[in-house]
Amino acid sequence: EQGQATAQYILGWIYQTGDGVKQDYSESAKWYAKAADKGNADAQYAVGSYYMTGVGVPQDNKQAMLWFRKAADQGKAPAQYLLGYLLARGEGIDHNEAESSSWYLKAANQGYAEAQYAYALALAAGAGVEKDEQAANEWLRKAADQKHTEAAYLLGWNHEKGVGMLPDYAQAAKWYRQAADAHHVEALYHL
């Protein structure tokens with residue numbers, strides 16, 4: 001209540017998790033918003049997530065995008081990824097593949113596996129960026145190296161089918177195995 005952003009963020013987390021208090025997403029959203037208004041990037045991300053999912057506040061992608069952008073501008077990789085995600089989907093906001101890919105790349109460059117995978121898909125499809133299957137495979141490998149299951153599966157597929165590379169069945173089996181070990185049914189089928 002004294003305006004300490006970190007304390008307000010912690011209160012938001014306490015109400016979100018129900019740690020020592022009754023879990024209350026609306027109260028959590030209130031405290032996160034107070035911290036977010038003071039520039040706390042973690043709180044801005046939390047508020048954006050609440051608006052995106054409709055938890056503790058009415059679902060509103062425009063508000064989610066506003067808060068994700070504030071956190072993303074401060075370098076918060078998950079916010080950069082979700083901002084890219086919203087822009088790619090264009091639900092309740094303007095669809096913008098080029099800006100989406102730009103945000104995916106920012107988060108991917110920070111090592112955020114989900115963004116590495118999303119950026120790889122954008123490169124593979126030429127969605128907002130020039131189509132480049134070889135570069136897509138490089139980003140898939142980065143995500144798969146972090147145990148991203150879908151990236152490992154797609155990398156296996158690309159090795160098997162020769163997408164953006166020469167076919168390599170040993171590498172295909174390696175990546176399919178990694179995905180299958182994470183219970184990816186289609187990867188298991190390809191082994």
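**Figure 1. Overall fold of the protein chain.** The secondary structure of the protein chain amounts to eleven helices and zero strands. The coordinates are those of a predicted model. Read from the N terminus, the order of elements is α-α-α-α-α-α-α-α-α-α-α. The C-alpha trace spans about 60 × 35 × 25 Å along its principal axes. Of the 191 residues in the chain, 40% are buried. Taking contacts between residues at least 6 apart in sequence, 43% join residues at least 24 apart.

Figure 2. The chain has an accessible surface of about 9,900 Å². Carbon and sulfur atoms account for 49% of this surface.

Figure 3. S28 is part of helix 2, which covers residues 25–37. The relative accessibility of S28 is 0%, so this residue counts as buried, the cut-off being under 20%. Leaving aside residues up to four places away in sequence, S28 touches G12, Y15, Q16 and Y50. With Y50, the S28 side chain also makes a side-chain to side-chain polar contact of 2.8 Å.

**Figure 4. Salt bridge between D42 and K76.** D42 and K76 form a salt bridge in which the closest N and O atoms are 2.7 Å apart. D42 belongs to helix 3 (residues 41–53), whereas K76 sits in the loop between helix 4 (61–73) and helix 5 (77–89), so the pair ties together parts that are 34 residues apart in sequence. Both partners are partly exposed: D42 has a relative accessible area of 34%, and K76 has a relative accessibility of 22%. The salt bridges number six in total.

**Figure 5. Salt bridge between R89 and E91.** The closest N and O atoms of R89 and E91 are 2.4 Å apart in this salt bridge. R89, at 43% relative accessibility, counts as partly exposed. E91 is likewise partly exposed, with a relative accessible area of 40%.

**Figure 6. Salt bridge between E160 and K161.** The side chains of E160 and K161 meet in a salt bridge with an N to O distance of 3.7 Å.

Conventions:
Residues are numbered from 1 along each chain as its sequence is written. This is a predicted model: local features need pLDDT of at least 70, side-chain atom pairs count only at pLDDT 80 or more; totals for chains, interfaces and linings use all residues. Side-chain values use heavy atoms; hydrogens and water are left out. Helices (H or I, at least four residues) and strands (E, at least two) are DSSP runs, numbered from the N terminus. Buried means under 20% relative accessible area, exposed over 50%, partly exposed in between (1.4 Å probe, protein chains only). A polar contact is a pair of N or O atoms within 3.5 Å; within protein, one must be able to donate a hydrogen and the other to accept it, and residues adjacent in sequence count only if both atoms are side-chain atoms. Contact means heavy atoms within 4.5 Å. A salt bridge is a side-chain nitrogen of Lys or Arg within 4 Å of a carboxyl oxygen of Asp or Glu. Accessible areas come from the Shrake-Rupley method with a 1.4 Å probe; for residues, only the protein chains shown count as cover.
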